[in-house]
Amino acid sequence: MKKILAFSGSNHSQSIHQNLIDITASKVTKHEVTVIDLNNFPLPIYSIDIEVQGLPEEVKKLRQVLIEHDALIIASPEHNGSMPAFLKNIIDWLSRATELGQPFFGETKKPVLLVSTSPGEAGGATNIKAMKELMPWWGGDVKGTYSLGSYHEKFLNGKFTPETDKELTATVSAFEATL
């Protein structure tokens, strides 16, 4: 049984991405999944001036959590066609917590499922495409992606519509089959 780490790249208290990651994680049936909240790893905005004083303990703790898991599910919002500053800042810090040239997700390539949603029709697809291209540099091997557009029309009364639920279940099942 593999250990999967799931998290949202949003710091919004009412994040639709946190909801998406919680539901996505609940669909994992063949492996152990841990959902974390990146807000529990508070970090200053990355700066070399801060780094020279020493790596924040939260960076070391988060890197250790990443190393202890075999695969990742990441739900990332899209801000102006890119990842949000909150997630980018965490990635910037994590990249400094390794020896030069080492991937910061761990020493071996981790299978990754990238998911996103938005109130708009594209569902964060532009950011997911960019993150998929960057993932190998970070130590990730993207095994699947899922972009859910029109979130508010597809999440009703506390659950996804049957069609959306079926799509997400199939995406998670296909991801699990790669592990």
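Me: What makes K132 in helix 5 a kink?

Reply: The bend at a residue is the angle between axes fitted to the seven residues ending there and the seven starting there, and at K132 this gives a kink of about 30°, shortly before the proline P136. This is a predicted model, in which local features need pLDDT of at least 70, side-chain atom pairs count only at pLDDT 80 or more, and totals for chains, interfaces and linings use all residues. Residues are numbered from 1 along each chain as its sequence is written, and side-chain values use heavy atoms, with hydrogens and water left out.

Me: Which residues of helix 5 are called buried?

Reply: Buried means under 20% relative accessible area with a 1.4 Å probe, protein chains only, and N127, I128, M131, M135 and W138 are buried in helix 5. Their cover includes strand 3, helix 4, strand 4 and strand 5 (140-148).

Me: What makes the set with F7, I74 and M135 a nonpolar core?

Reply: A nonpolar core joins buried Ala, Val, Leu, Ile, Met, Phe, Trp, Tyr and Cys residues through side-chain atoms within 4.5 Å, and the largest one has 28 residues, with F7, I74 and M135 making the most contacts inside it. Helix 4 gives the largest share, six residues.

Conventions: Buried means under 20% relative accessible area, exposed over 50%, partly exposed in between (1.4 Å probe, protein chains only). Helices (H or I, at least four residues) and strands (E, at least two) are DSSP runs, numbered from the N terminus. Contact means heavy atoms within 4.5 Å.
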